[in-house]
Amino acid sequence: MTAKDTLEAAITAQGDVVRKLKSAATKDKPKINEEVQKLLALKEQLKQLTVDNDGSGETAAAAAAPAPGKPAATSEPGNRNLSLKTPKGTRDYGPEAMALRQRVLDQVVRVFRRHGAETIDTPVFELKEVLTGKYGEDSKLIYDLKDQGGEILALRYDLTVPFARYVGMGNVFNIKRYHIAKVYRRDNPQITRGRYREFYQCDFDIAGTYDPMLPDAECVKVVCEILAEVGVGDFVVKLNHRKLLDGIFEACGVPADKFRTACSSVDKLDKTPWEEVQREMVEEKGLSEEAVERIGQFVTLHGGTELIERLAADETLRGIKVAMEGLEDMRLLLQYCEIFQVADRVSFDLSLARGLDYYTGVIYEAVLLGGGGGAGGGGSADEEITVGSVAGGGRYDNLVGMFNPKRKQVPCVGVSIGVERLFSILEARAGGKTRTNETEVYVASAHKGLHLKRLEILNKLWSAGLKAEHSYKLNPKLLAQLQHCEEYQIPYAVILGDGELSRGVVKLREIATRKEEEVALDTFIEELRRRLLSAA
């Protein structure tokens, strides 16, 4: 069987899998998307094989070789058979999508600045050794770059490790920073759920030695403000503490060298039933069944201050110092959340683990509630979370020291907003046409021969700081110009005509109402600015 036959058979089999999933009574959309991606990948492989082989066993290069004694054919620029698509896990964004994205990013930045943050930027790629050993089992998702001259590099996986490198390398001892940039993960993409291989992260971090839980509580407040302002629906911020988790593992009989691997298993509880996590911990991680049974009694608990008091009284935890330290931090954090008026948005949840290795204290994860109920929405606190995580973070006090020449530690805490998920939700909800420009006035001409005057008026508007445009045709039809204003939702048009100009006036047209009014040529800019201000 040739390679082509093998691929065609695989495509047929994968097509059957997709059809079976789509025809099922209960549709598993994430699974369907995953299998569709596999089918598309197989079809792409077949296309590439067809490009490389003309079907007669000759390679494209051999087929293109000239016959003896004949001149070589002139090669055409580009490849006619190139399959044009974006790489797996990426997408293009048109003007409407970009307008929505920019609006969300502006809202996020306003919140960050409201809290006094300043911004930085770091390279999109880092030395591979900077990134390795920081992400636990997720390290396999890092994109490695080909050696281009002696440095082994990789694309950044998140913004936290580059920030820690920046703080440690620059001897920065306190900073409150935000950073909005793209990161890269060789993950299994789910486009419909806003899960890509190239995506934006919006990070807010506070670095410095401060009193317990004050910066941590502000991070929770920042997340709540952003999700409320963006308006994606009801949400809850789950909270836990790495010290408490470590104390629980110790109390349950987990060896200290297996705390992190146990943590990575517990971290899957938001997507995987406890039975499967339990099996993984025993069969793959090598934990005893007794220890795992005892872990299960803790990680299914969630609540508030009452849960803290219950755990503080637990005989198995009371003698474990790190567990008591974690509970004391959580008690203080919930008190500060009450003062910040976000207590109804948070839940102390022992199933939250955050799989990344660098967390040392409080950890957070914000999730959207699928049914609109839950925390803060008047629904049941036990309502199933069906939409997914949109923010996460925590305290990482030991990461900066890895990059400081003198190994000096700078305590840090931060949170990352998963804006791609927010974009996907808002994009799906968007109804009607989204305005994609900020033009305030359009300079139109009523008849031929006025393009020079249009340019003169246009230049005056630009010089006055107004956002203006015109037609790039010398003699456009007036109807076409006004239709352009309506299509692109430009609020005003200045219409020039010989008769009006001879009297020293122009027509100012309000596009939405189609009302027109003559305004003196030497004062129309002030009048236009007044109307724009009153509309704002």
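**Terms and their grounds**

Modeller: Let us begin with a pair of strands: S9 and strand S10 (residues 388–395) run antiparallel and are joined by six bridges. The model is a predicted one.

Biologist: Why is strand S9 (residues 362–368) called largely enclosed?

Modeller: Seven of its seven residues are buried, so the rest of the structure largely encloses S9. In a regular strand, side chains alternate between the two faces of the sheet. In S9, one side carries Val 362, Tyr 364, Ala 366 and Leu 368, the other Ile 363, Glu 365 and Val 367, and all are buried.

Biologist: Why does Asp 234 count as buried?

Modeller: Buried means under 20% relative accessible area. Asp 234 has 10% relative accessibility, and therefore counts as buried. Asp 234 lies in the loop between H7 and strand S6 (235–241).

Biologist: What makes the approach of Asp 234 to Arg 345 a polar contact?

Modeller: The cut-off is a pair of N or O atoms within 3.5 Å, one able to donate a hydrogen and the other to accept it. The side chains of Asp 234 and Arg 345 make such a contact at 2.7 Å. Asp 234 also has a C-alpha separation of 8.8 Å from Val 367, although the two are 133 residues apart along the chain.

Biologist: What makes a group of residues a nonpolar core, and which members of the largest one touch the most others?

Modeller: The members must be buried residues of the listed kinds, such as Val, Leu or Phe, joined through side-chain atoms within 4.5 Å. The largest core has 105 residues, and Phe 112, Val 237 and Leu 311 touch the most other members. Helix H7 (residues 214–230) supplies the largest share, nine residues. Apart from this core lies another, of 20 residues, including Val 443, Leu 461, Val 506 and Leu 528.

Biologist: With which residues is Val 237 in contact, leaving aside its neighbours within four places in sequence?

Modeller: Contact requires heavy atoms within 4.5 Å. For Val 237, the partners include Val 220, Val 223 and Cys 224, and also Arg 345, Tyr 364 and Ala 366.

Biologist: Why are S13 and S16 called edge strands?

Modeller: The open sheet of five strands has the order S13-S12-S14-S15-S16, with mixed pairing. Strand S13 (468–470) and strand S16 (515–520) each pair on one side only, and they are the edge strands. Neighbouring strands of the sheet are turned by 30° against each other on average, direction ignored. Strand S15 (residues 505–510) is joined to S16 by six antiparallel bridges, and Leu 508 stands opposite Glu 517.

Biologist: What angle does helix H17 (residues 478–487) make with S12?

Modeller: H17 runs at about 170° to strand S12 (441–445), and lies across S12, S13, strand S14 (492–496) and S15.

How values were computed. Residues numbered from 1 in each chain as written. Predicted model: local features only at pLDDT ≥ 70, side-chain atom pairs only at ≥ 80, totals over all residues. Heavy atoms only, no water. Buried < 20%, exposed > 50% of the residue type's maximum accessible area, 1.4 Å probe, protein only. Helix = DSSP H or I, 4+ residues; strand = E, 2+ residues; numbered from the N terminus. Pairing = 2+ DSSP bridges. Axes fitted to C-alpha atoms, helices over the stretch in contact; angles between N-to-C directions.
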